[in-house]
Amino acid sequence: MSQTEEFEKIVEAAKANKGGVVFVTGKPGSGKSKVLREAAEDKKWDYVDCRMLISEDFLAVPGDQRMEKAPELMGATLDSYNSDVILLDRLQTLFVPVFCLDVGSLLRTLGQKYVLVAAWPGYVKDNTLCYDKFDGTESIRIPVDGFTIWNVE
């Protein structure tokens, strides 16, 4: 079984559960995005660059209200796709501090309505998704509880 076929089985299981979030992890250059693109083509799932979730409407919301409004506004964007699975790449776009987002909470909320698959740009340690920007300006930690984790070898 190829990595893409193995991945597709994991996502199909999430679909059977009527929602949720699958994180694809792996070292830089391991093929996370490649597996997402291949699965998108094979299964006709939508492959979405997270920059598409940052709409003008979202940017018009004051920073202290963005986390509250983000599920509705980003959900409207996700509604425009015609797939039962949405593959998210460039997740680190949502980590930008000025966006004032708790990405774990946001994805948990959106995962109640959609099957989301996100390529994780960091690593997993002690049951925590970790992302550290090279210049030390960002450090994201998200507990894996309630998420499905699939690692690209």
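Three strands form an open sheet in the order S5-S6-S7, and the pairing is antiparallel. Strands here are DSSP runs of type E with at least two residues, helices are H or I runs of at least four residues, and both are numbered from the N terminus. Two strands count as paired if DSSP finds at least two bridges between them. The model is predicted: local features need pLDDT of at least 70, side-chain atom pairs count only at pLDDT 80 or more, and totals for chains, interfaces and linings use all residues. Residues are numbered from 1 along each chain as its sequence is written, and side-chain values use heavy atoms, with hydrogens and water left out.

S5 and strand S6 (residues 128–132) run antiparallel and are joined by three bridges. Within S6, Leu129 is the bridge partner of Val124.

A second sheet is also open, with five strands in the order S2-S3-S4-S1-S8 and parallel pairing. Its edge strands are strand S2 (46–49) and S8, each pairing on one side only. From one strand to the next the twist averages 25°. Helix H2 (residues 32–43) packs on this sheet and touches S1, S2, strand S3 (85–89), S4 and S8, and the direction of H2 makes about 155° with that of S3. Contact means heavy atoms within 4.5 Å.

Strand S1 (residues 20–25) pairs in the parallel sense with strand S4 (residues 115–119) over five bridges. S1 also pairs in the parallel sense with strand S8 (residues 148–151), over four bridges. Bridge partners of S1 residues include the following.

| Residue | Bridge partner | Strand of partner |
|---|---|---|
| Val22 | Val117 | S4 |
| Val24 | Trp150 | S8 |
| Thr25 | Asn151 | S8 |

S1 is mostly covered, with six of its six residues buried. Buried means under 20% relative accessible area, exposed over 50%, and partly exposed in between, with a 1.4 Å probe and protein chains only. In a regular strand, side chains alternate between the two faces of the sheet. Both faces of S1 are covered: Gly20, Val22 and Val24 are buried on one side, and Val21, Phe23 and Thr25 are buried on the other.

Two packed helices are described by the angle between their axes and the distance between the axes. The axes of helix H1 (residues 3–16) and H2 come within 10 Å and cross at roughly 70°. Axes are lines fitted to C-alpha atoms, for helices over the stretch in contact, and angles run from 0 to 180 degrees between N-to-C directions. H1 and H2 are therefore roughly perpendicular to each other, a class that covers 65 to 115 degrees; angles under 35 degrees count as roughly parallel, over 145 as roughly antiparallel, and the rest as oblique. H1 contributes Gln3, Thr4, Phe7, Glu8 and Glu12 to the contact, and H2 contributes Val35, Leu36, Glu38, Ala39, Asp42 and Lys43. These residues divide into four nonpolar, two polar and five charged.

The structure holds zero disulfides, a disulfide being a pair of cysteine sulfur atoms within 2.5 Å. The sulfur of Cys50 is too far for a bond, because the closest cysteine sulfur, in Cys100, is 17 Å away. Cys50 counts as buried, at 0% relative accessibility. For Cys130 the closest cysteine sulfur is that of Cys50, at 19 Å, again too far for a bond. Cys130 is buried, with a relative accessible area of 4%.

Notes: Nonpolar A, V, L, I, M, F, W, Y, C, P; charged D, E, K, R; others polar.
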